[in-house]
Amino acid sequence: KQISPDILMDIDSDLLGQWETVCKEYEAKKSSSLFLDFDDLLTLSYLALKTNPHQVYDWIQVDEAQDVNLFQWNIIGNLVDENSHVIYFGDYEQTIYSFLGSNNQHLKESTSSFQKHQLKINYRSSSNLVRLFIAYSQSILGENLQLIAINDSLKDITQSPMRVVEI
């Protein structure tokens, strides 16, 4: 969601000045420390892909695709061509990074003509949690899901479904 410039008119000019100082100090500290933040990584990746010849990949996997913002969709678009195979893993109902610009509409639009597959076996959650999700899907979303839980040994969310075996 974009912020209207009008909102800045209601912000105290001292506060804006403080914010500007913090931003300048942050950028100076990054520069002097040779650090990059996540936005820098995205921006530099995008610019490098846009301006330099690079390899186009035959296969790309995008995990948590519902949390990808438009800028990141453009990066992905620069890595593929019409012959590439792109596999998206995502759930329209789980967008949690909208404050960073993700919008599940990007996922819906980008994958509207794709063949979709539903994962019907849940290896990570207890059967109680899967039953709760099925009830939610039926009552709120009107979907009739057929899911089963494999891992009923989970007693709480802190237990990992993976086991480490010492050799």
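This is a predicted model: local features need pLDDT of at least 70, side-chain atom pairs count only at pLDDT 80 or more; totals for chains, interfaces and linings use all residues.

Reader: How many helices and strands does the protein have, and in what pattern do they follow along the sequence?

Author: The protein has 6 helices and 4 strands, and reading along the sequence gives the pattern α-α-α-β-α-β-α-β-α-β. Of the contacts with a separation of 6 or more, 67% are between residues 24 or more positions apart. Leaving aside neighbours within four places in sequence, Trp-59 is in contact with His-85 and Ile-87.

Reader: Is Trp-59 buried or exposed?

Author: The way to decide is to look at the relative accessible area, where a value over 50% counts as exposed and one under 20% as buried. Trp-59 has 57%, and therefore it is exposed. In the protein as a whole, buried residues make up 22% of the 167 residues.

Reader: What follows α2, and what should I notice about its phi?

Author: Here the general idea concerns backbone angles: most residues other than glycine have a negative phi. Leu-34, which follows α2, has a positive phi near 60°, although Leu-34 is not a glycine. Leu-34 is placed in the loop between α2 and α3, and its relative accessibility of 76% is why it counts as exposed. Glu-64 also deserves a look, with a positive phi of about 55° although it is not a glycine; Glu-64 is found in the loop between β1 and α4, and with a relative accessible area of 38% it is partly exposed.

Reader: Which side-chain atom reaches the backbone at the start of α3, and where does it reach?

Author: A way to read the start of a helix is to look for side-chain atoms close to its backbone nitrogens, and here a side-chain oxygen of Asp-37 comes to within 3.2 Å of the backbone nitrogen of Asp-39. A polar atom of the Asp-37 side chain also lies 2.8 Å from the backbone nitrogen of Asp-40. Asp-37 belongs to the loop between α2 and α3, and because its relative accessibility is 18%, it counts as buried. Its side chain is joined to that of Lys-30 by a polar contact of 3.2 Å.

Reader: Which residue caps the N-terminal end of α4?

Author: That residue is Asn-69, with a side-chain oxygen 3.1 Å from the backbone nitrogen of Phe-71. Asn-69 lies in the loop between β1 and α4, and it counts as buried because its relative accessibility is 13%. Beyond residues up to four places away in sequence, Asn-69 touches Leu-100, Gly-101, Ser-102 and His-106.

Reader: At what angle do α3 and α4 pack, and how far apart are their axes?

Author: To describe a pair of helices, give the angle, the distance and the handedness: α3 and α4 pack at about 35° with their axes 10 Å apart, and their crossing is left-handed. Among the residues making the contact are Leu-42, Tyr-46 and Leu-49 of α3, and Phe-71, Ile-75 and Leu-79 of α4. The residues of this contact divide into 7 nonpolar, 5 polar and 1 charged.

Reader: What do the buried residues of α3 pack against, and what covers those of α4?

Author: In α3 the buried residues are Asp-40, Leu-42, Tyr-46 and Leu-49, and they pack against α2 and α4. In α4 the buried residues include Trp-73, Ile-75 and Ile-76, and what covers the buried residues of α4 includes α3, β1, β2 and α5.

Methods: Residues are numbered from 1 along each chain as its sequence is written. Side-chain values use heavy atoms; hydrogens and water are left out. Helices (H or I, at least four residues) and strands (E, at least two) are DSSP runs, numbered from the N terminus. Buried means under 20% relative accessible area, exposed over 50%, partly exposed in between (1.4 Å probe, protein chains only). Contact means heavy atoms within 4.5 Å. Axes are lines fitted to C-alpha atoms, for helices over the stretch in contact, and angles run from 0 to 180 degrees between N-to-C directions. A crossing is left-handed if the near helix is turned anticlockwise from the far one by less than a right angle, and right-handed if clockwise. Ala, Val, Leu, Ile, Met, Phe, Trp, Tyr, Cys and Pro count as nonpolar, Asp, Glu, Lys and Arg as charged, and the others, Gly among them, as polar. A polar contact is a pair of N or O atoms within 3.5 Å; within protein, one must be able to donate a hydrogen and the other to accept it, and residues adjacent in sequence count only if both atoms are side-chain atoms.
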